Amino acid sequence: EKYQDTIQHVIQKGNTPAGMHISIMVQEILDFLQIQPGQVGFDATLGYGGHTKAMMECLHGEGHMYATDVDPEESAKTRRRLAEQGFGEDILTVKLQNFCTIDEIAKEAGGFDFILADLGVSSMQIDNPKRGFSFRADGPLDLRLNQEKGISAAERLDKISAKAITDEIRKGNRVDTTTKLREIIEKTLSFLPEKERKDTVRKTCQRVFQALRIDVNREFEVLYEFMEKLPDALKPGGRVAILTFHSGEDKLVKKALKAGYKAGIYSDYARDVVRP
């Protein structure tokens with residue numbers, strides 16, 4: 001509210017202001033899912049609730065929406081926000097569990113008419129330095145979507161065999177903050193000519209942080225399991241939209257849909273990617 005001018009300026013440049021979340025491709029998703037009042041839907045990744053809200057609006061108070069999220073902090077905020085906007089427990093069931101448990105939820109719901117999976121992390125998680133998702137801000141090197149489960153990225157690095165990291169740990173320097181990891185990457189690439197160094201460091205940081213995030217959250221295993229269980233969770237004639245953000249996710253999804261189509265499970269799938 002205080003910085004309306006700045007917010008508008010940032011949005012006009014095509015960026016999302018820190019702490020704000022703008023859902024991607026809402027209209028394209030709604031056009032494709034063709035949601036009707038009375039239907040039952042599943043949002044695999046509740047996040048900020050932008051997509052969930054748009055889908056619930058199409059139900060006009062009839063039917064039900066199920067949603068999962070593994071982040072206890074953000075999902076509690078979203079659940080509260082949606083309830084205040086009139087989307088309470090009568091129309092929305094939020095479960096604090098991984099979306100690869102879709103088979104359990106489908107059993108409870110009696111199958112789904114439409115499903116959305118918006119993969120990866122959201123801007124609220126990236127913008128919070130305490131979560132360790134961004135190399136641009138100093139914070140603990142955590143990278144878990146649910147900080148109450150599993151091991152952090154810092155603990156993961158204790159057991160990793162990348163030379164620059166093991167050298168630091170051997171010296172007694174634990175790699176437990178985002179800044180420390182970024183500095184190791186900078187030092188490792190210091191041999192590059194200055195002209196190309198800055199850009200290469202940025203790209204390498206992005207890749208390393210992403211690879212660590214995928215690893216500590218078991219993202220590929222979870223997505224593979226979700227795609228395997230997906231056909232049984234859909235009602236006949238049901239539709240699914242999946243938002244992918246990098247080639248690793250994209251390949252896995254395409255392969256599963258193509259295999260399902262060949263096996264006669266899916267009546268059709270999109271061969272061409274729809275971009276925002």
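Here are a few friendly notes on the fold and the nonpolar cores of this predicted model.

1. Ground rules first. Local features need pLDDT of at least 70 and side-chain atom pairs count only at pLDDT 80 or more, while totals for chains, interfaces and linings use all residues. Residues are numbered from 1 along each chain as its sequence is written, and side-chain values use heavy atoms, with hydrogens and water left out.

2. The protein chain has 12 helices and 5 strands (DSSP runs numbered from the N terminus: H or I of at least four residues for helices, E of at least two for strands).

3. Along the principal axes, the C-alpha atoms fill a box of roughly 60 × 50 × 35 Å.

4. Of the 276 residues, 43% are buried, meaning under 20% relative accessible area with a 1.4 Å probe, protein chains only.

5. The largest nonpolar core has 27 residues, and F42, I102, F112, I115, F226, M227 and L230 touch the most other members. Such a core joins buried Ala, Val, Leu, Ile, Met, Phe, Trp, Tyr and Cys residues through side-chain atoms within 4.5 Å. The largest share, 6 residues, comes from α11.

6. Look at L230: beyond its neighbours within four places in sequence, L230 contacts I102, I115, V240, I242 and Y266 (heavy atoms within 4.5 Å). A second, separate core of 21 residues includes M25, A54, M55 and M65.

Notes. Buried means under 20% relative accessible area, exposed over 50%, partly exposed in between (1.4 Å probe, protein chains only).
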